[in-house]
Amino acid sequence: MKTNQVHKKLNELASTAICGNDISSSVLYVSALAIAFAGQYAWITLLIVSLVLFLFRKIYGEVVGALPLNGGAYNALLNTTSKGMASFAATLTLLSYMATAVISANEAIHYLHHLIPAMPIIISTIVLLAFFALLTIGGITESSKVAIGIFIFHLSSLVILALFIFVFLFKNDLSIFIENWHAPVTNGSISNAIFLGFAASMLGVSGFESSANFVEEQEKGVFPKTLRNMWAIVSIVNPLMAVLALALFTIPVLQSSEFQNTLLIEMGHYVGGKWVATLIAVDAFLVLSGAVLTSFVGVSGLLERMTLDRVMPQFFLKKSSRGSSYRIILMFFFLSVSVLLITNGDVKLLAGVYTISFLSVMALFGIGNILLKVKRKSLPRPEVASWLSILIAIGAVIVALVGNITMKTEGDAPSNLMVFLDYFIPSIIFIAFMLNRTVILNFLLHVMHTIFDPVISLIHKIDGKILKTIDEINSQEFVFFTKGDNIASLNKVMLYIIKNEHTKKIKIVLALEKDEVIPPNLPMEIEFLGKEYPEINIEFLIIDGKFSPKLIQELSKKWKIPVNFMFIGSPSDKFPYKIEQLGGVRLII
């Protein structure tokens with residue numbers, strides 16, 4: 001006997017691993033990025049980011065606790081504003097996931113390329129995206145097992161790296177850190193350095209919003225724990241790695257392009273040799289791959305919710321036997337591959353999309369919390385964020401957003417805002433069409449009717465006139481006077497009419513004088529002809545009188561048809577009338 005499959009929910013470790021791989025992978029780049037802008041104050045900017053994230057813990061906890069549905073910012077705004085505003089947030093979230101998936105996959109392959117130089121970058125990136133697409137189609141439980149393995153390996157690798165650095169610093173001293181602390185301030189002033197460093201460092205919390213997008217897949221009470229765990233990781237790991245980097249290398253070295261791209265590998269190689277550097281390279285490949293998995297899981301939950309709300313086509317609701325929305329996953333995979341190919345592998349161009357969309361989503365989530373407090377006071381919620389903390393958190397995100405929009409790019413590279421708009425505008429146009437598709441389709445229908453209805457009306461009129469003319473032509477009757485001809489002669493008449501006349505009606509007239517009788521086989525033969533030629537209406541009439549021009553004229557007036565008769569046979573001397581006397585009788589010889 002078959003039993004219904006119970007959908008297994010994710011526990012704390014599995015849920016934390018799925019979204020934690022994304023947020024914890026930031027350690028590979030955010031420390032170097034913060035140092036590039038804030039120099040020796042990088043660790044301070046990362047601590048400020050930790051404080052902002054602490055405020056967002058309760059913001060997310062209150063909204064998702066009151067509305068425990070997939071969708072994140074989309075769900076928050078859907079229940080407090082309009083579907084249009086919610087879809088705006090969803091578009092930003094989708095772009096954030098797309099940029100995360102492509103950048104993380106490409107960077108993961110670059111780290112692996114560091115170990116295997118012969119590996120083709122673009123093809124390998126596509127293969128990696130395809131692997132995680134198939135893994136997600138296999139089901140979220142199976143995906144979580146891979147995520148847990150990556151997560152544990154990543155944290156273990158960071159612990160090993162930190163231990164090697166502590167041992168190295170214990171054997172040496174902190175002179176380099178002290179030298180860096182007294183170095184000239186990067187970017188002019190301390191306040192400006194911290195401002196730009198904070199704006200760049202906010203990228204280190206990307207992934208924090210992911211847990212809210214698959215909350216329905218988590219066991220009860222797990223969601224706030226995932227927020228706590230992600231906050232703890234970011235608060236400890238990112239500032240610590242910035243401090244350790246400043247203790248190992250001078251700021252000019254840390255701000256060089258080589259160290260910006262592979263800071264942790266350089267740190268590992270410096271304190272532990274090649275094998276530690278290799279460990280970090282493998283870890284970077286795995287945890288960035290885990291961030292790709294986070295994108296697939298998060299976008300699946302988001303777009304499934306949007307599809308249920310009829311924002312996306314119902315086509316995407318189809319599920320696999322394992323319960324995954326495989327059409328959403330495949331669509332996201334093809335979208336990611338197309339972006340990779342369009343950028344020709346130079347995915348750094350997506351930094352603007354990644355930055356602005358992610359920070360905008362966080363700001364909108366904070367706004368959603370405010371609206372929830374105002375409009376949905378009666379909803380029970382497990383925790384409540386204070387008004388002050390919400391305003392500070394939103395303000396901090398807006399500052400970071402402004403910093404990233406105004407941030408200068410290298411060389412001739414387009415600004416973050418321009419790259420963001422290149423992807424955002426087509427996406428929001430598509431979403432706007434889906435939201436207003438009935439209005440748009442009705443408008444198109446109205447335009448079509450306006451243009452084509454007069455043409456169709458004209459065609460109908462012409463069509464009617466043509467049909468009327470045909471009917472008038474076909475309605476003209478043909479009259480044949482018979483003397484009791486045999487069926488062969490009658491058949492000749494029918495063949496003549498079919499080949500030469502437009503009529504569909506014929507009267508076969510038999511004129512009988514006094515004492516004349518109907519030929520015995522004539523009615524039966526005419527009935528037979530009616531069956532042989534069903535397209536012609538045959539009417540058999542018997543008239544008392546003598547066949548003569550006078551009779552023809554009388555019948556023509558009576559039936560109101562023109563004189564248009566046929567005579568079968570050959571005129572002979574025995575035939576008493578001339579053709580002219582019969583009024584235009586045509587002959588078949």
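How many aromatic pairs does the structure hold? The structure holds 15 aromatic pairs. This is a predicted model in which local features need pLDDT of at least 70 and side-chain atom pairs count only at pLDDT 80 or more, while totals for chains, interfaces and linings use all residues. Residues are numbered from 1 along each chain as its sequence is written, and side-chain values use heavy atoms, with hydrogens and water left out.

**View 1. The ring pair of phenylalanine 164 and tryptophan 275.** Rings of Phe, Tyr and Trp (its six-membered ring) pair if their centres lie within 6.5 Å; planes under 30 degrees apart count as stacked, over 60 as edge-to-face and the rest as tilted. Here the centres are 5.5 Å apart and the planes stand at 75 degrees, so the pair is edge-to-face. Phenylalanine 164 lies in helix H7 (residues 140-171) and tryptophan 275 in helix H15 (residues 274-308), 111 residues apart. Helices (H or I, at least four residues) and strands (E, at least two) are DSSP runs, numbered from the N terminus.

**View 2. A cluster of rings.** Ring pairs link Phe56, Tyr60, Phe208 and Phe365.

**View 3. Strand S1 (residues 477-482) and its neighbour S2 (residues 505-512).** Six of the six residues of S1 are buried, so the strand is largely enclosed by the rest of the structure. Buried means under 20% relative accessible area, exposed over 50%, and partly exposed in between (1.4 Å probe, protein chains only). One side of S1 carries Glu477, Val479 and Phe481, and the other Phe478, Phe480 and Thr482. S1 and S2 run parallel, joined by six bridges; strands pair if DSSP finds at least two bridges between them. Threonine 482 has leucine 510 as its bridge partner in S2.
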